[in-house]
Amino acid sequence: MAINVGVIGTGNIGTEHVRRLSGEVSGARVGAVFDVDAERARQVADSVGATAHPKATDVIHDPAIDAVVIASPGPLHAEQTIACIAAGKPVLCEKPLATTTADSLEVIEAEVAHGQRLVQVGFMRRFDAGYRVVKAAVDDGSVGEPLLLHCVHRNAAAPPGFTSDMVLTDSVIHEIDISRWLLGQEIVATTVVATRSSPLAAEHLRDPQLVLLETETGATVSVEVFVNCQYGYDVRCEVVGSLGTVSLENPTTGALTRDGQRRQPIPPDWRLRFGPAYHAELQQWVTGLVGGTVGGPSCWDGYAATATAEVCVASLTDGGRTTVDLTERPALYEEAP
Ligand code: NAD
Ligand code: ISE
């Protein structure tokens, strides 16, 4: 029997998830969707033979729906995730788990009260083949003791309404999670520097920004985030260890070499660059559900990332170094990041 998934939010990534769950991920189908844009929801539902419900709660409480994907705007995630937990339904919540530390703690509280994991957070980079190679080289000691992690996160253009805070809470939150995961440590302090803004960024937007994250062992992560770089989607990183380095480059298919030059395509956006990672994320989620388990990035990971991003916003706003003070980790989330 296929896992019958309900999808809340059929915008950019919601539509991608519906398409993958309907045609590419084995063991799943999409039975219901909801979006406040009813016409968009109907079109997406029709494309896969699903029902467009009039309310998000109708998706969650639909007795035919086994599990839910939340792909609505970030500020709605906590409330919708808590509604799924209350209904006892597994949920894959797109990042961020919540947009405030307080909200993410409420989700943790609800899941802990439920007594077992129901929530996976959509930090899909953990499923990317390139990042997995980097993690393996850190975990098996190939690079020695990790000392520095340099990250670049560039988008061609920010969507309308993107704010300076969202550069941190919506974009850098990926680097916060992947740094915790690659290094197996929490972030303890952050410093954000907004340099001269690009003349091509919206007038109000601090873009690019430089973010320094300090980890428990004193390793330092540098993140350059630039959400209006114009030329494409560019996500890279390099771990510098005591014995060597290991790096994540852009996948290099279709490089053209001639006339003394090498031209290499850059993906236009996250859809193409992380397509295989979204697939792996969804497939592992569905396979787990078939076997009755929920794994992957947890509510603790979602909380730690949101709490760190919130502290980054404070550093951007007030200037200087800000510390991250996480609450005690509940036993439900005892694994390392
Ligand atoms: P989007 O604006 O394209 O889509 C959001 C959709 O939610 C819209 O269709 C909107 O009409 C709908 N919506 C608004 N209010 C709603 C409500 N009350 N209930 C249900 N739906 C509602 O945004 P997006 O780019 O698809 O981003 C959605 C989420 O996914 C964000 O949290 C974003 O950070 C995340 N995201 C993650 C990745 C990734 O790489 N993992 C990539 C893109 C977006
Ligand atoms: C977007 O929401 C994503 O999650 C993308 O992966 C990221 O690159 C982009 O900056 C975010 O806005």
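An oxygen atom of ligand 2 lies 2.8 Å from an N or O atom in the side chain of histidine 174, a polar contact in the sense used here (a pair of N or O atoms within 3.5 Å; within protein, one must be able to donate a hydrogen and the other to accept it, and residues adjacent in sequence count only if both atoms are side-chain atoms). The model is predicted, so that local features need pLDDT of at least 70 and side-chain atom pairs count only at pLDDT 80 or more, whereas totals for chains, interfaces and linings use all residues. Residues are numbered from 1 along each chain as its sequence is written, chains are lettered from A and ligands numbered from 1 in the order in which they are written, and side-chain values use heavy atoms, with hydrogens and water left out.

Ligand 2 also has an oxygen atom 2.8 Å from a side-chain N or O atom of lysine 95, and for tyrosine 233 the corresponding distance is 2.7 Å. Taken alone, ligand 2 exposes 300 Å², of which the protein buries 84% (Shrake-Rupley method, 1.4 Å probe). Its shell (residues with a heavy atom within 4 Å) consists of Lys95, His153, Asn155, Phe162, Asp170, Ser171, His174, Tyr233 and Trp270. Three of these residues come from helix α7 (residues 164-183), the largest share; helices are DSSP runs of H or I, at least four residues, numbered from the N terminus. By class, the shell of ligand 2 holds three nonpolar, four polar and two charged residues (Ala, Val, Leu, Ile, Met, Phe, Trp, Tyr, Cys and Pro count as nonpolar, Asp, Glu, Lys and Arg as charged, and the others, Gly among them, as polar).

Around ligand 1 there are 25 residues, of which Asn12, Asp35, Lys95, Asp170 and Tyr278 come nearest. Ligand 1 exposes 850 Å² when taken alone, and 79% of that is buried by the protein. Two or more residues of the shell around ligand 1 are given by each of α1 (12-23), α4 (77-86) and α7. A nitrogen atom of ligand 1 lies 3.4 Å from a polar side-chain atom of glutamine 80. The shell of ligand 1 divides into 11 nonpolar, 10 polar and four charged residues.
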